[in-house]
Amino acid sequence: MALPETNHEMDDNRVIHHELGHWLMAREMGFSVGEVSIERKDGKASGHATVFPRAKSRLDTAEAVDDYLSNRIRVLLAGVIVEIEWYKKTFGRALDKKEFDRIYNNRVIDRSGISDKGKAEELIAILAGLRNEPTTKCNDLDNQIRALFVEIYQETQQLVSRFLGTLFALAKLVSNEPSQNDTKQVLTERLTELANIAAENIASAAQTESPSCTTYS
Amino acid sequence: MELPTLPTLTNEQQEDRIILHDLAQHLMARELGFETGQIFVGTRFGQPTSLSKNRSKATEKLNSAVDVAAHLRKRIMVLSAGVISDAHWFGKLPGFDGKEDHLTAIYANGVMDGARLTDHDKLQELLIVLCGIEREPSESYDLLEDQKHAIFSWLYQEALHIFNSFSEKLFILSTLVINEGRSRGELAVSDERLVKLEVEAANLASKSQSPHDQIVLL
């Protein structure tokens, strides 16, 4: 099935969600973050979330390397996972496998033309060397990489589900930020401020919706 | 800093560039003990694209951070071979007067793979991991950049040393591969066929005085 048609406004919105997926996951994983920008060039929306991946402490064991690689891959995958959630929310249905592949392989490309897929696969190949016995068959490596991908993808989905409500609220706030010359640029401080507002809104909405959960002392 | 503009390439030139790039990585990968596969140049996003499988998988289980570092160093050298070959290719492009800062432009605008990634993009990811293993972490991102640069410069020189040992054969081999038949506009040369072409290239190289002369002869 072909992906649902989107107009310019929806497309910008989709890209905002994708980039905020990277941005919020990077914060969750303890990486420093910078600005988020969305631009429209040649009729196409693209975006960029500034993330500063790096090891916080020395990667002196296999476990420490595994941990860093897993976190970094989660940040890379969060964009596409959130994008799929955006499709679900916007069109009221889940995407089939072909649609998923189309998004994963071709959709949001950031400003420097880098797709998240290639970077994730480069790192997953190292992770495969850490976690699996080596194989002499190319197909086996592909299977190992695919299995690892699925494992980390599912873990990332779980993590995304924890902040998805905040992300949708944050995306709404970001889409209301001003644009200039087809570019919307939200600086780190402003984004942090908006993220806090979004989290507060979600928390207070949850409190209103479930009064039975209120504790009294 | 604004990088100098590189010449606009025709699709044919871009294909030739990719072939040399992928072959350089293929030969470097083999020199460093990785398994190699076919050379595949196709079209993605309307442009000639490198689709050769080049993952440089670990040949032994990586049991420690030291193992990972050793693996990463070799992988970085394989990717560097692509950058080195690209610089050579532009150096031989008629009418192109490359200055020193063109190398940075070539590095930043490298051959793209099917995921629209260049060697530069992959190297940046890998160098962060290698820095994390080999250097003390710092709060300063400038320091991290310096660390990455120092590690990359060292490994690039190591790769250049190996590259020079097979460059003559590589340039002849790329000419032979360029002349291989296409199917639906795509070029796929199997590992077995490459072995045969490589023998032919090695023979021609042994008869030649300089790689440039040899390419003209062919």
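Mentor: We will go through the interface, then a helix pair, then the strands. Keep in mind that this is a predicted model.

Trainee: How many residues of chain A are in contact with chain B?

Mentor: The size of an interface is often given as the accessible area lost when the parts come together. Here we count residues: 32 of chain A are in contact with 29 of chain B.

Trainee: Which elements of chain A give two or more residues to that side?

Mentor: They are helix 2 (62–91), helix 4 (116–131) and helix 5 (138–175) of chain A. Helix 4 of chain A supplies the largest share, 9 residues. By class, the side of chain A that touches chain B has 18 nonpolar, 6 polar and 8 charged residues.

Trainee: Now the helix pair. At what angle do helix 2 and helix 4 of chain A cross?

Mentor: Their axes cross at roughly 155° and come within 9 Å. Angles over 145 degrees count as roughly antiparallel, so helix 2 of chain A is roughly antiparallel to helix 4 of chain A. The crossing of these two helices is left-handed.

Trainee: Which residues meet in the contact of helix 2 with helix 4 of chain A?

Mentor: From helix 2 of chain A, the residues include A:Val65, A:Leu69, A:Ile73 and A:Leu76. Among those they meet in helix 4 of chain A are A:Leu123, A:Ile124 and A:Leu127. Charged residues take part too, including A:Asp66 and A:Arg72 in helix 2 of chain A and A:Lys119 in helix 4 of chain A. The contact has 13 nonpolar, 1 polar and 4 charged residues.

Trainee: Turning to strands, how many bridges join strand 1 and strand 2 of chain A?

Mentor: Strand 1 (residues 32–41) and strand 2 (residues 44–52) of chain A run antiparallel and are joined by 8 bridges. The hairpin has 2 residues between the strands, and A:Asp42 takes a positive phi near 50°.

Trainee: What is the strand order of the sheet in chain B?

Mentor: The order is 2-1-3, in an open sheet of 3 strands with antiparallel pairing. Strand 2 (47–50) and strand 3 (187–189) of chain B each have a single partner strand, so one side of each is left without a neighbour in the sheet. The twist averages 25° from one strand to the next.

Trainee: Which residue stands opposite B:Thr43?

Mentor: B:Pro48, in strand 2 of chain B. Strand 1 (residues 39–44) of chain B pairs with strand 2 of chain B over 4 bridges, in the antiparallel sense.

Definitions and conventions. Residues numbered from 1 in each chain as written. Chains lettered and ligands numbered in written order. Predicted model: local features only at pLDDT ≥ 70, side-chain atom pairs only at ≥ 80, totals over all residues. Contact = placed C-beta atoms within 7 Å. Axes fitted to C-alpha atoms, helices over the stretch in contact; angles between N-to-C directions. Parallel < 35°, antiparallel > 145°, perpendicular 65-115°, else oblique. Left-handed = near helix turned anticlockwise from the far one by under 90°. Pairing = 2+ DSSP bridges.
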